[in-house]
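Student: I've got the model loaded. Can you walk me through the packing, the chain contact and the charged pairs?

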Amino acid sequence: MSIYSIGITALNAAQTGVLTTSHNIANASTPGYTRQQIVQTTNTPLLTGAGFLGQGTNVQTIQRITNLYVSRQLMSAQTGVAEMDTYLAQIRQLDNLLADPGAGLSPALSAFFKGIQDLAANPSSIPARQAALSGAQALVSRFHGLDQRISEVRDGVNQQIADEAAKINALAVQLGDINQRIVLAQAAGPNLPANDLFDQRDQLISEINAEIRTTTVQQGDGTYSVFIGSGQPLVVGTQVSALQAVRDNDDPQRITLALRTPYGSTIPLAESLLSGGSLGGLLAFRTQTLDTAQNSLGRVAISLAQTFNDIHKLGQDLDGTPGGDFFRMASPVTFAGATNTGTGVLTATLTASAASDLTTSDYRLTYNSGNYILTRLADNTSWSSATLSGLPPAGSPQGFTLAISGTPVDGDSFKIEPTRAGASSLAVLINDPRSIAAAAPIVTSTPLNNTGTAHIDSGSVTSTASLPLGSSVTLQYVSATNQFVVSGPIAAGPFTHATGQPMSFGGLSVTITGTPADGDRFLIDDNTYGVSDNRNAVALAGLQTSKTMASGSATYQDAYAQIVSLIGNKTREVEVTGKAQQALADQAQSARDQVSGVNLDEEAAKLLQYQQAYQAAAKMIQVAGKLFDEILALGR
Amino acid sequence: MIRVSTGMIFDAGVNAINSQTAALLHLQQQVATGRRILTPADDPVNAARALVVNQAADVVSQYATNQNNAMSALEQEEAQLSGTGDLLVRIKELTIRAGNGALSASDRKSIATELRARFDELLGIANATDGNGQYLFAGYMGSTKPFGASVDAMIQSGSEIQYQGDDGQRRLQVSATRFLEVSDAGNDVFMRIRNGNGTFAATYGTNNVTPGPNLGSGVIGAGAVTDPAAWVTPASGAYTIRFSVSGAVTSYQIYDGATALLATPATYASGQPIPLQKTTAPPADYGASVTITGAPADGDSFSLTPSTSQSLFRTLANLVGALENSASGPAASARYSTEIGAALNNLDRASDNILRVRASIGSRLGEIDSLASVNEDLALQYQQTLSSLQDLDYAKAISDLTRKQTDLEAAQKSFLAISKLSLFNYL
């Protein structure tokens with residue numbers, strides 16, 4: 001060994017150092033780059049008489065400065081951030097939709113009832129009737145507008161789920177490729193790590209994590225295997241599976257995911273198991289917020305239609321014909337599972353008390369060993385019965401009844417969406433302003449020749465079963481028994497007279513106050529030509545402030561405010577969680593950067609260090625040359 | 001020692017500037033719109049509450065509209081009824097003038113002519129329409145003319161006017177719990193008026209000795225009810241007071257149909273109240289009396305029928321009939337006096353009834369006034385609540401805006417300063 005050779009080793013090591021430092025500087029802003037440094041050791045010394053003589057230096061390996069634990073933490077935090085970011089981007093659309101107080105449902109609802117109130121003030125006025133009708137149409141189109149927007153968001157979510165799947169597939173293929181290259185590169189032995197390939201691999205896994213939460217396992221050959229959901233393999237070594245966007249088994253309008261393995265089988269992925277990343281955010285948004293928002297809006301529409309129709313049908317219009325349905329009410333939507341093998345076709349029908357009984361949840365009906373099981377998906381409450389007439393049970397009405405035609409087979413399932421189409425199917429069925437039933441179908445009268453001081457109120461109608469009356473119903477007072485005897489087309493009574501107490505019979509209810517004389521008569525007749533009668537319009541207008549929804553606990557406006565509150569609260573919750581996740585991710589990022597990030601000052605210092613080492617080594621060779629020259633000079 | 005990478009310096013700088021800018025933008029939007037809650041997410045609870053309060057405010061303003069509608073409907077009705085009141089005063093004047101015994105037949109005719117005009121005027125009021133062409137006094141049947149009649153037809157037929165409307169009263173919601181009647185049926189205003197003294201009506205009868213009208217000069221007053229509880233409705237439909245004259249003594253007997261109520265006929269004295277009573281077993285006092293003046297002839301009678309409803313039109317038609325068909329002679333003038341007296345009596349009852357309806361309208365208008373002031377308070381309260389829920393505190397917002405601006409500038413400047421530091425500058 002000579003000074004030359006030691007000088008050369010020093011020169012080489014310094015050069016490698018400069019190269020590694022330059023590589024670090026060059027990649028200072030490459031995403032996922034991990035700083036590298038040379039591991040320099042002394043060469044094996046030579047044993048001489050004088051002891052061990054150093055043989056210079058060598059670069060053992062180039063090392064990535066990384067901490068696996070910190071990297072994992074960062075990945076987990078990033079998948080959370082991506083989930084919340086996506087969720088927030090989606091829910092913001094709904095939040096903004098409800099943001100403008102002038103554009104939501106509430107002004108249209110107020111304007112509609114204002115139209116009805118104004119109609120009550122001028123029941124015979126065609127312009128007032130037309131205004132009420134226009135108010136109804138404006139309300140319906142507001143329902144449609146809101147629902148349309150929610151449907152657009154839903155279509156967007158479906159589309160994005162497919163896009164996410166494609167993106168994850170592309171990343172998975174790249175990861176398989178990198179895994180392959182790592183296997184080849186590592187053939188030289190584990191002591192010479194393929195640093196930059198590792199960085200690319202880690203970066204890919206981090207990108208997959210931004211789309212969906214994964215678990216990774218490092219294999220002996222340096223490759224990573226990636227699993228999603230509850231352990232379904234996405235990438236195992238170089239074997240890559242593909243995510244597929246498929247229609248939901250229960251609901252063909254819903255795009256969900258399945259995994260197609262390289263061996264050709266397809267595994268359906270349960271939505272509840274997929275979380276994290278943009279895809280997890282989309283799925284969570286759809287089940288937690290979107291479905292509930294659309295169902296809630298549909299429920300307001302159905303309740304409005306049903307309660308309004310119920311009262312409207314008790315009235316009569318300007319031409320004296322009984323009121324018909326004012327709004328078209330949506331029917332529940334049912335789907336048979338795609339994998340059903342039976343012939344059962346399920347139909348769901350709203351009950352008469354749907355307005356107050358409906359919830360905002362969807363339901364699933366499954367058939368197993370002769371039993372039907374109905375599950376409310378919002379809270380997984382379930383009821384079981386051998387016949388469909390027992391579902392939902394009478395004790396806990398859900399606002400609909402079920403019937404099946406054909407024969408279901410064990411394992412068949414059906415999805416029921418009672419309120420999903422509520423807003424989109426709402427329509428005004430009346431187009432002639434004369435057809436608004438502002439009047440009540442009966443009139444009462446106190447004949448002029450009564451000698452007592454009692455008088456009858458205007459009466460009310462709870463059922464039109466016995467209408468039209470055709471002829472007068474007479475209530476005649478008999479003082480001997482203190483009773484009213486009912487004669488005419490309705491058989492009822494006699495009723496004992498108690499002043500101010502309503503007497504109800506045949507769907508009618510009247511109240512007589514005061515003191516009648518023996519033989520005094522009170523008449524109930526069909527309301528003919530009652531064009532100025534506004535009794536039914538007043539009753540309709542009263543619906544605005546009646547608590548008709550959610551078991552009689554909420555007005556329409558309350559129920560709408562609940563939607564606003566739901567979306568607002570959820571948005572806020574996602575915002576806050578997103579911020580917390582972001583803080584966590586920032587911390588993890590800085591923890592990772594503390595270990596693996598490039599510091600240019602540090603590299604500049606190293607550059608100087610290696611430059612000086614290089615200069616010193618060169619000097620060493622120069623000295624060796626000079627020494628040799630001295631020896632040559634001796635011979636001159 | 002914490003190792004800091006160059007990337008961290010840039011990331012931290014940019015993150016800080018980003019979050020400051022976002023906060024600044026939010027404040028700027030709040031200031032620009034004046035709204036504290038830009039989207040429901042900013043304050044979900046109050047955003048939802050604001051919606052509910054908004055509806056409450058809308059409903060209150062609707063009540064105010066309804067109150068105005070109710071007020072204008074009631075004022076229209078009141079205007080018509082106050083016209084009716086004036087008309088009744090004039091009719092009563094004419095009737096009192098007609099009662100003057102010195103009037104000639106032609107004087108009576110000319111009064112009758114004016115009364116005919118008043119009758120038509122009254123009919124006009126009863127058939128009045130509102131701004132939309134709907135009849136005010138037709139109950140619910142706003143497009144049906146409620147009263148159709150002529151004096152001649154009524155005099156000829158002697159029957160009651162036909163009311164074509166119904167008993168309906170339109171109501172409007174003027175507060176959360178109050179549904180106020182904004183119309184009155186013509187039936188109640190013009191028709192449901194008790195004739196006579198409210199308990200019974202005394203009428204000129206017939207002579208049963210010489211079949212035909214009374215022959216004497218007896219005139220019956222309206223009668224008085226002193227104890228309404230004691231009043232017994234005649235089984236036959238009317239009480240009859242029949243006179244018999246034997247020599248200088250005129251006596252009377254009270255019949256319920258063919259049943260005599262007095263054990264022995266009582267002696268008649270002109271102007272002396274005749275108590276309605278039954279002295280046959282079991283004896284009973286009917287709590288009422290009538291006064292007959294003049295000299296009834298043998299067989300003359302007067303009947304007392306329980307009061308029934310008599311329309312103002314019928315009363316007027318009766319009056320016109322009496323004026324136009326009056327003849328001379330003591331019997332005829334007694335009959336005339338009785339009819340004029342009855343007419344005056346019935347006119348009083350009619351004007352009582354109109355006043356009753358007007359008083360009720362007045363109290364309803366008063367109620368609207370007090371409800372309106374409650375309503376205004378409520379509206380103000382809701383506005384205040386809404387404002388506190390939604391509106392921006394400008395002073396605070398602008399001070400926040402300035403502070404955020406400073407923060408952002410600091411973040412920008414410090415970032416610039418730190419990012420400039422590099423060892424490479426010295427190489």
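Tutor: Start with B:Phe313. Leaving out residues up to four places away in sequence, B:Phe313 touches B:Phe119, B:Leu122, B:Leu123, B:Ala126, B:Phe147, B:Met154, B:Ile161 and B:Phe190. Keep in mind that this is a predicted model.

Student: Which residues have the most contacts inside the largest nonpolar core?

Tutor: B:Phe313 is one of them, along with B:Phe190, A:Phe112, A:Phe143, A:Phe326 and A:Phe327. That core has 147 residues. Its largest share, 18 residues, comes from helix H4 of chain A, residues 126–185.

Student: What does the second core include?

Tutor: B:Val219, B:Phe243, B:Leu261 and B:Leu262 are among its 24 residues. It is separate.

Student: Switching to the interface. How much area do chain A and chain B bury between them?

Tutor: About 4900 Å², with 54% of it on carbon and sulfur atoms. Chain A puts 66 residues into the contact and chain B puts in 54.

Student: And how many salt bridges across it?

Tutor: One. A:Glu602 pairs with B:Arg3 through their side chains, at 3.1 Å from N to O.

Student: Which element gives the largest share of chain A's side?

Tutor: H9(A), with 15 residues. By type, the chain A side splits into 23 nonpolar, 30 polar and 13 charged residues.

Student: Now the whole structure. How many salt bridges over all chains?

Tutor: The search finds 43. Take A:Arg254 and A:Asp291, whose side chains meet at 3.1 Å, N to O. A:Arg254 sits in the loop between strands E9 and E10 of chain A, and A:Asp291 in helix H6 of chain A, so the pair ties together parts 37 residues apart in sequence.

Student: Are those two buried or exposed?

Tutor: Both A:Arg254 and A:Asp291 are buried. A:Lys415 and A:Glu417 form another salt bridge, with closest N and O atoms 3.4 Å apart. A:Lys415 counts as buried at 4% relative accessibility. A:Glu417 counts as buried at 1%.

Student: What about B:Glu324, which residue does it bridge to?

Tutor: B:Arg116, at 2.8 Å between the closest N and O atoms. B:Glu324 is in helix H6 of chain B and B:Arg116 in helix H3 of chain B, 208 residues apart. B:Glu324 is partly exposed, at 22% relative accessible area. B:Arg116 is partly exposed, also at 22%.

Student: Which residues do shared partners join into one network?

Tutor: A:Arg254, A:Asp291, A:Lys415 and A:Glu417 are among them. The network also includes A:Arg154, A:Asp251 and A:Arg420.

How values were computed
Residues numbered from 1 in each chain as written. Chains lettered and ligands numbered in written order. Predicted model: local features only at pLDDT ≥ 70, side-chain atom pairs only at ≥ 80, totals over all residues. Heavy atoms only, no water. Contact = heavy atoms within 4.5 Å. Buried area = accessible area lost by both parts, 1.4 Å probe. Salt bridge = Lys/Arg side-chain N within 4 Å of Asp/Glu carboxyl O. Helix = DSSP H or I, 4+ residues; strand = E, 2+ residues; numbered from the N terminus. Nonpolar A, V, L, I, M, F, W, Y, C, P; charged D, E, K, R; others polar. Core = buried A, V, L, I, M, F, W, Y, C linked by side-chain atoms within 4.5 Å. Buried < 20%, exposed > 50% of the residue type's maximum accessible area, 1.4 Å probe, protein only.
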